[in-house]
Amino acid sequence: MSERNTEPGGVINEVVTLRYDYSLGEVAGKFMEGLKQGKILATSCSKSGLTYLPPRAYCERSFEPCDGWVEAAFEGVIEASTIVVRGFQGKRNPPVAIAYVKLDGIDSAIGNYVDGLDLSNLDAAQKRIAPGKRVKVKFGATREGRITDFSFVCAD
Amino acid sequence: MSMNHTVAVLGTYQTEFKTHDPDHTFAEQAQIAAAGALKDAGMTPGDVDAIVFSLAPTYFMGVADADRWSIDHIFGAGKPMLRVHTGGATGGSAVQAAYNLVRSGLHRSVLVVGAERIAETPDAQDVLNLIFDVFYERDMPLSTNTSVGLWTTSYMARYGYTEEDLARVAVRARRHATKNPHAHLKGLITVEDVMASRMISTPLKLFDICPRSSGSAAMVVGNMDMAKQFCSRPAFINGVASRTTTYWIGDRMTPTTDADFTDFVIAGEAASVCYKQAGITDPLEQVQVTEFYDPYTVMTPLQLERLGFCAPGTALRLEKEGYWDMEGGAVAVNPSGGTLCTNPIAVSGLVRAIDAATQVMGRAGTMQVPNVHNAVSSAVGGIAQFYNCTVFGDQPHGH
């Protein structure tokens with residue numbers, strides 16, 4: 001830590017380090033175990049007929065517990081996308097493409113990286129992942145039970 | 001209408017906003033605003049019955065729940081005080097909470113006050129990443145910038161707009177802000193300047209995005225008795241409404257959604273309630289000034305469309321034709337320069353409300369638009385999870 005600058009108008013430096021243990025719960029736990037097996041699991045509600053990805057314990061439309069699980073297809077449509085040019089620490093080095101994708105048969109969209117994209121020309125790359133474009137799910141070689149076990153790649 | 005149901009703005013104050021304010025602490029900043037608003041209203045602390053503290057996340061400044069730190073500085077000891085926090089919508093929600101405390105008859109007058117120190121940490125992007133779901137979203141570089149990047153690509157694709165179309169919003173905002181002594185960013189810039197600014201997250205460039213601002217603001221609201229005693233020309237709060245929507249961005253963008261992210265459905269729902277209360281049936285005819293919460297260029301066209309100033313998808317076309325200019329436009333959109341030029345998150349919505357109310361009071365100084373009878377302010381929080389809007393009028397309107 002630098003020496004304290006106590007002049008009027010100076011600043012006091014502090015570094016705060018905090019640690020957390022996030023409880024995964026039943027639903028997220030089952031989803032993460034599914035990822036390890038190469039499956040993307042969504043919950044469903046028989047009353048509203050809706051399927052949720054990320055999975056939810058509770059249906060926000062019918063106000064009933066989600067009572068089923070379904071496997072999402074490995075192909076879907078981009079609903080929103082962006083190429084992150086200015087990144088931040090602890091994440092992948094920029095530029096990276098991300099997109100929210102409605103996988104076939106699922107009612108909500110889930111976000112993840114879009115890999116395999118040539119990012120040397122941002123305009124061209126953004127057109128490749130424009131809303132409406134189709135993508136496929138690609139699992140990585142190693143799976144550790146986290147969302148980045150898979151990513152999206154352009155389908156065409 | 002019943003006199004008890006009239007709620008009016010009696011005094012306001014805002015500091016100049018800038019990245020850092022090394023001359024004051026957070027609590028001192030809050031005090032400057034509280035004292036300034038009381039002085040503006042000609043009141044003493046004893047004339048205020050309760051306090052609403054406008055305070056968003058405190059991670060940025062590194063003092064948890066800094067409302068506690070400020071109690072004595074803002075003359076709060078011994079009075080009821082509550083903190084309001086709806087992310088970026090906080091300042092607008094705080095005004096509406098104060099409105100409700102007066103309208104209910106619980107208090108004669110309420111002080112709304114808050115301060116912000118966003119740049120106290122250099123790790124603001126990491127702080128913003130923490131607002132996303134820890135299991136499913138935080139591994140991505142999601143922040144407010146990148147999630148609005150997602151939103152903007154969808155809006156541009158839906159209505160066929162270019163980055164240059166968006167850039168004109170920033171050009172107008174910076175030009176308007178030259179008349180605002182409190183504004184953080186101001187000056188004459190061109191579409192080319194916006195296009196040449198550093199890309200942050202496609203299609204958003206640095207000039208499409210608000211700055212991080214420090215400073216403070218306060219407002220005194222009161223009932224009709226207090227208005228008669230302290231303010232000859234108050235702004236009446238004639239319409240208040242707010243809406244929230246699901247946390248999940250991905251639930252707001254598919255064919256089965258009931259909360260379309262791209263078209264900002266909750267803004268339209270709140271506006272229709274707010275206008276009905278205030279007797280606004282034709283906003284373009286009846287509203288002379290808007291002060292929208294617009295930390296990103298895309299937020300201005302979205303709100304103009306959802307709040308009935310033009311048809312969906314047309315606001316950026318009309319922007320090119322000068323419809324939203326302070327001079328010569330159809331309505332003066334953000335004469336202050338808005339949130340694109342100044343964003344002290346915890347009080348941005350409060351500043352929007354102050355800038356709208358002072359237009360109605362004829363006290364907007366160099367920003368004053370002539371003949372303002374109604375002005376609307378708004379605030380947006382979370383990833384557009386919270387929306388509120390407020391109509392200020394020069395005459396009370398019963399509801």
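**Notes on chain B**

1. In this predicted model, B:W151, B:Y155 and B:Y159 of helix 5 of chain B touch B:M299, B:P301, B:L302, B:E305 and B:R306 of helix 11 of chain B. Contact here means heavy atoms within 4.5 Å, and helices are DSSP runs (H or I, at least four residues; strands are E, at least two) numbered from the N terminus. The residues of this contact split into 6 nonpolar, no polar and 2 charged, with Ala, Val, Leu, Ile, Met, Phe, Trp, Tyr, Cys and Pro counted as nonpolar, Asp, Glu, Lys and Arg as charged, and the others, Gly among them, as polar.

2. How do the two axes meet? Helix 5 (residues 144-159) of chain B and helix 11 (residues 299-306) of chain B have axes that come within 11 Å and cross at roughly 55 degrees. That angle makes helix 5 of chain B oblique to helix 11 of chain B; under 35 degrees would count as roughly parallel, over 145 as roughly antiparallel, and 65 to 115 as roughly perpendicular, with the rest oblique. Axes are lines fitted to C-alpha atoms, for helices over the stretch in contact, with angles from 0 to 180 degrees between N-to-C directions.

3. Helix 11 of chain B is mostly covered, with 7 of its 8 residues buried (under 20% relative accessible area; exposed is over 50%, partly exposed in between, with a 1.4 Å probe and protein chains only). Its buried residues pack against helix 5, helix 6 (163-177), helix 12 (315-320), strand 10 (332-333), strand 11 (374-381) and strand 12 (386-393) of chain B. Just after helix 11 of chain B, B:G308 has a positive phi of about 80 degrees.

4. Is B:T44 buried or partly exposed? B:T44 counts as partly exposed because its relative accessibility is 45%. B:T44 lies in the loop between helix 1 (26-41) and strand 2 (50-54) of chain B. Its C-alpha atom is 9.7 Å from that of B:F75, 31 residues away along the chain.

5. For the overall picture, chain B has 14 helices and 12 strands. Buried residues account for 67% of its 399 residues. The C-alpha atoms of chain B fill a box of roughly 55 × 45 × 45 Å along the principal axes.

6. On conventions, residues are numbered from 1 along each chain as its sequence is written, and chains are lettered from A and ligands numbered from 1 in the order written. Local features need pLDDT of at least 70, side-chain atom pairs count only at pLDDT 80 or more, totals for chains, interfaces and linings use all residues, and side-chain values use heavy atoms, leaving out hydrogens and water.
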